[in-house]
Amino acid sequence: MSSFSLAVCALLGALLAQSYATALAAELFLRREQGALARRSWLALAIASLVFALQHGYALELAVSTGLHDLRQAVLAGCASLLLALAVHGLRRLA
C-alpha cells in the first residue's frame, strides 16, 4: 500500500471513530436522569468530538481532492480518535 492509501484509510477510520464518539456523547446528553453538570459535560464532549470529526473530514477531503496528505498526522488522528471512541464507550457503561 502506498502512503496515500494508508493516509486515506487512517483518516476515514478517524472520521468514523470520531462520529461514533459524537453520537454516544449526544445520546448520553439526552438522558434526563443525570444531573445538570453531567449533562453539560456530555454536551461539551459531543460538541468537541463533532469539531474534530469535521477536521478529519476536511483533511480527508483535502487528501482525496488534491493528493496532499501527511501519513504521520493521519495515523495519529486515527489512533487518537479510536482511543477517544473507546473511552466514551467505556464511560457510557458508567453513566
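Arg92 is partly exposed, at 26% relative accessibility (buried means under 20% relative accessible area, exposed over 50%, partly exposed in between; 1.4 Å probe, protein chains only). The model is predicted: local features need pLDDT of at least 70, side-chain atom pairs count only at pLDDT 80 or more, and totals for chains, interfaces and linings use all residues. Residues are numbered from 1 along each chain as its sequence is written, and side-chain values use heavy atoms, without hydrogens and water.

Arg92 forms a salt bridge with Glu27, with 3.3 Å between the closest N and O atoms (a side-chain nitrogen of Lys or Arg within 4 Å of a carboxyl oxygen of Asp or Glu). This pair links distant parts of the chain: Arg92 lies in helix α3 and Glu27 in helix α1, 65 residues apart. Helices are DSSP runs (H or I, at least four residues), numbered from the N terminus. Glu27 also meets Arg31 in a salt bridge, at 3.8 Å, N to O. Shared partners join Glu27, Arg31 and Arg92 into one network. Glu27 is partly exposed at 32%, as is Arg31 at 23%. The count comes to two salt bridges.

Helix α2 covers residues 36-66 and holds Leu43. Buried residues of α2 include Arg39, Trp42 and His56. Their cover includes α1 (3-29) and α3 (71-94), by contact (heavy atoms within 4.5 Å). Just after α2, Gly67 takes a positive phi of about 90°.

Note on methods
Helices (H or I, at least four residues) and strands (E, at least two) are DSSP runs, numbered from the N terminus.
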